[in-house]
Amino acid sequence: MTTPSADNNHAPRTHYTATEMLAELVAFDTVSRHSNLALIEFIERYLTAHGVESWRVANDDGSKSNLLARIGPAVEGGVVLSGHTDVVPVDGQPWSTDPFTLTAHDGKLYARGSCDMKGFIACALAAVPQWTATELSKPIWLAFSYDEEIGCLGAPRMIERLVADFPRPAVVIVGEPTLMHPVTQQKGITSLKTVVHGVESHSSQVDQGISAIHVAARLVTRIEEIMAEMVSEGETNTDFNVAHSSLHVGRIQGGTAINIMARECSFEWEIRHLPEQGFDAVFARFDTFSQSLERELKARDARFAIETTPLTHTVPGLAGSDNRDAIALCRRLLGERETQAVAYATEAGQFQNAGLEAIICGPGSITQAHQPDEFISEEQLAQGEAFMQRLGEYLQA
């Protein structure tokens, strides 16, 4: 059993193993609906003890913050280690242990966020004493964000600050759990909500109303058809295990009673687009059909309407291009490992959109992310530690 400190406000020690640091980090309940400031303050105190300067980049009301820190000289060409501090909820999940106490058992370290992605952050922070004791030729940047789990909301303003106010880094490594294999491509994602405003009537008088449910069914069917069209048109990328942009309806609700034509029906859905295709091109296929259907039914009754709005900002994909230096760095530190493409969203595409080379690589398996009894193996954490040590050695002056 590895236990966290009883008081999160205690002064950090100056040296930790990655496992000891992970125990500290998971003890902070940084579920996205909560503030992450206590964790940020802990990291700041730890960095200050090693003479490392850091900068907060807060949200609008100051309740959460990103953290930027630089180890080494203020010159161009550094390496950014990027990780998110928030975690997903544990509500309703059948945990066998306290999710906010790191528990070691049979070579695995259990806790919420142990894998996604405080394990990577722990490896980076545990390496700080080594890095600060070394004269680095290029800086190592720490870029820790908030609200990644609810739409990658915090990173954009941190990235904006990084590229506007500091010497430009050469490579960004986003430490999502990849079993320490470099990921060079990632799909983007947008979550949406469509509301169909129908016209109520008695169900025996179907020619007098417009059922919002029936129209929603046509829209949902169209969403599924779009995927088949893209495959037949060759809009695919076989590097991904789902080789096309995917569209999925996750929630639908509507109607009042079985004998009333539904006045309203809404559904929530997502587009996970190939990085080379983009959101706009995929959404346009749905939008063209939706607008045509709305015009047709509005001609029957002006009260009819279809409204589609985004629930989140589009998280851009990570394209497998313009990342030669990032791939070369990972291969230098890890050896020749096969690159991969993933369908889940990360902050890597946001860094790439800002003109920075980005790659995804971190300890742990994505299959453990968001699960009850989430864990990272001790072997994977050790690989993460070794990666950080080799990074410091590579950047020595």
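1. Lining of the largest pocket. In this predicted model, strands β9 (188-197) and β11 (264-273) each supply at least two residues of the lining of the largest pocket. The space in this pocket comes to about 430 Å³. Its lining has 22 residues, and those closest to the centre are Glu148, Glu149, Arg272, Ala345 and His370. By class, the lining residues divide into nine nonpolar, seven polar and six charged.

2. Strand β3. This strand covers residues 79-84, and six of the six are buried, so β3 is largely enclosed by the rest of the structure. In a regular strand the side chains alternate between the two faces of the sheet. In β3 both faces are covered: Val79, Leu81 and Gly83 are buried on one side, and Val80, Ser82 and His84 are buried on the other.

3. Partners of β3. Strand β6 (residues 140-145) pairs with β3 in the parallel sense, over six bridges. Within that pairing, Val80 has Trp141 of β6 as its bridge partner. Strand β7 (residues 171-174) also pairs with β3 in the parallel sense, here over four bridges. Ser82 has Val174 of β7 as its bridge partner.

4. Helix α2. The 13 residues of α2 (residues 37-49) reach 18 Å from the first C-alpha to the last, close to the 18 Å expected at 1.5 Å a residue. The buried residues of this helix are Leu37, Leu39, Ile40, Phe42, Ile43, Glu44, Tyr46 and Leu47. An α-helix has 3.6 residues a turn, so residues three or four places apart point the same way. The cover over the buried residues of α2 includes α1 (18-26), β1 (53-58), β2 (65-71), α3 (118-126), α4 (128-132) and β6. Just after α2, Gly51 takes a positive phi of about 70°.

5. Val282. This residue lies in helix α7 (residues 279-298). Leaving aside neighbours within four places in sequence, Val282 is in contact with Met230, Ser245, Leu247, Ile271, His273 and Gln277. Ile226 is 56 residues from Val282 in sequence, and the two C-alpha atoms are 8.2 Å apart in space.

6. Gln352. With neighbours within four places in sequence left aside, Gln352 is in contact with Gly317, Leu318, Ala319, Ser321 and Ala358.

7. Backbone points to check by eye. The peptide bond from Asp116 to Met117 is cis, with omega near -10°. Met117 is in the loop between β5 (108-110) and α3. Asp106 is not a glycine, yet has a positive phi of about 55°. Asp106 sits in the loop between β4 (103-105) and β5, and counts as exposed at 68% relative accessibility. Asp322, also not a glycine, has a positive phi of about 55°. The place of Asp322 is the loop between β12 (305-310) and α8 (324-334), and with a relative accessible area of 67% Asp322 is exposed.

Definitions and conventions. Residues are numbered from 1 along each chain as its sequence is written. This is a predicted model: local features need pLDDT of at least 70, side-chain atom pairs count only at pLDDT 80 or more; totals for chains, interfaces and linings use all residues. Side-chain values use heavy atoms; hydrogens and water are left out. Buried means under 20% relative accessible area, exposed over 50%, partly exposed in between (1.4 Å probe, protein chains only). Two strands pair if DSSP finds at least two bridges between them. Contact means heavy atoms within 4.5 Å. The expected span of a helix is 1.5 Å times one less than its number of residues. On a 1 Å grid over the protein atoms alone, a cavity is a set of points where a 1.4 Å probe fits but cannot get out, and a pocket is an open set with protein on both sides within 12 Å along at least five of seven lines; lining residues have an atom within 4 Å of a point. Grid points are joined across faces, edges and corners, and a volume is the space filled by probe spheres set on the points. Ala, Val, Leu, Ile, Met, Phe, Trp, Tyr, Cys and Pro count as nonpolar, Asp, Glu, Lys and Arg as charged, and the others, Gly among them, as polar.
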